[in-house]
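Try each task before you read its solution.

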Amino acid sequence: SEKAFVMIKPDGVRRGLIGKIVNRFEEKGLTLAWAEMMNVSRETAETHYGHLRDKPFFGELVDYITSGPVFAMIVEGRGAVKNARSLIGPTDPAAAPPGTIRGDYGLDVEENVIHGSDSPDNATREIALFFNRM
Ligand code: GTP
Ligand code: MG
């Protein structure tokens, strides 16, 4: 079945939110197929966010993602990519509704707690980039 790459960002890990966040995916009916606590290299962060290279916040974004360990996951199940994105909520936690992960656990876009792949193709790319496996 479909796989999504989901990553609890360093702020989420620092704040002790791993268990609560994993629980959201499990309650929804998605399966945790693989997970690893890891430090992201600058090179991996720059590749992962390559589409944002020209944004003024790119340097800050790479600093943020490399500021401490992340909890990287493969979440599996029917419609895993779309379902994970809807659990996660909009990019800016200030605009994300309560009930979404960003809406419940974040305050502003600089530290928005979690990443989820935006398409099945990007999920495949991200799983290869972070885990070197599929
Ligand atoms: P991801 O799931 O992390 O890819 O988020 P997204 O798909 O909802 O948003 P997008 O891919 O456009 O942006 C990637 C990440 O860049 C966001 O999750 C934020 O961490 C960061 N980001 C986006 N906009 C801003 C911004 O205006 N300022 C800062 N500092 N970071 C931003
Ligand atoms: Mg994105």
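**Exercise 1: the shell around the ligand**

Sort the shell around ligand 1 by residue class.

Solution. The shell has five nonpolar, five polar and five charged residues. Here Ala, Val, Leu, Ile, Met, Phe, Trp, Tyr, Cys and Pro count as nonpolar, Asp, Glu, Lys and Arg as charged, and the others, Gly among them, as polar. This is a predicted model: local features need pLDDT of at least 70, side-chain atom pairs need 80 or more, and totals for chains, interfaces and linings use all residues. Residues are numbered from 1 along each chain as written, chains are lettered from A and ligands numbered from 1 in written order, and side-chain values use heavy atoms, without hydrogens and water.

Next, name the nearest residues. Of the 15 around ligand 1, these are Lys9, Arg85, Thr91, Asn112 and His115 (near: a heavy atom within 4 Å).

**Exercise 2: polar contacts**

Find side chains in polar contact (N or O atoms within 3.5 Å) with oxygen atoms of ligand 1.

Solution. Start with Thr91, at 2.5 Å. Then take Arg102, at 3.2 Å. Now check the cover: ligand 1 alone exposes 600 Å², and the protein buries 82% of that (Shrake-Rupley method, 1.4 Å probe).

**Exercise 3: the whole chain**

How many helices and strands does the protein chain have?

Solution. Count seven helices and four strands (DSSP runs: H or I, at least four residues; E, at least two). Read their order from the N terminus: β-α-α-β-α-α-β-α-α-β-α. Finally, the C-alpha atoms fill a box of roughly 35 × 35 × 25 Å along the principal axes.

Note on methods
A polar contact is a pair of N or O atoms within 3.5 Å; within protein, one must be able to donate a hydrogen and the other to accept it, and residues adjacent in sequence count only if both atoms are side-chain atoms.
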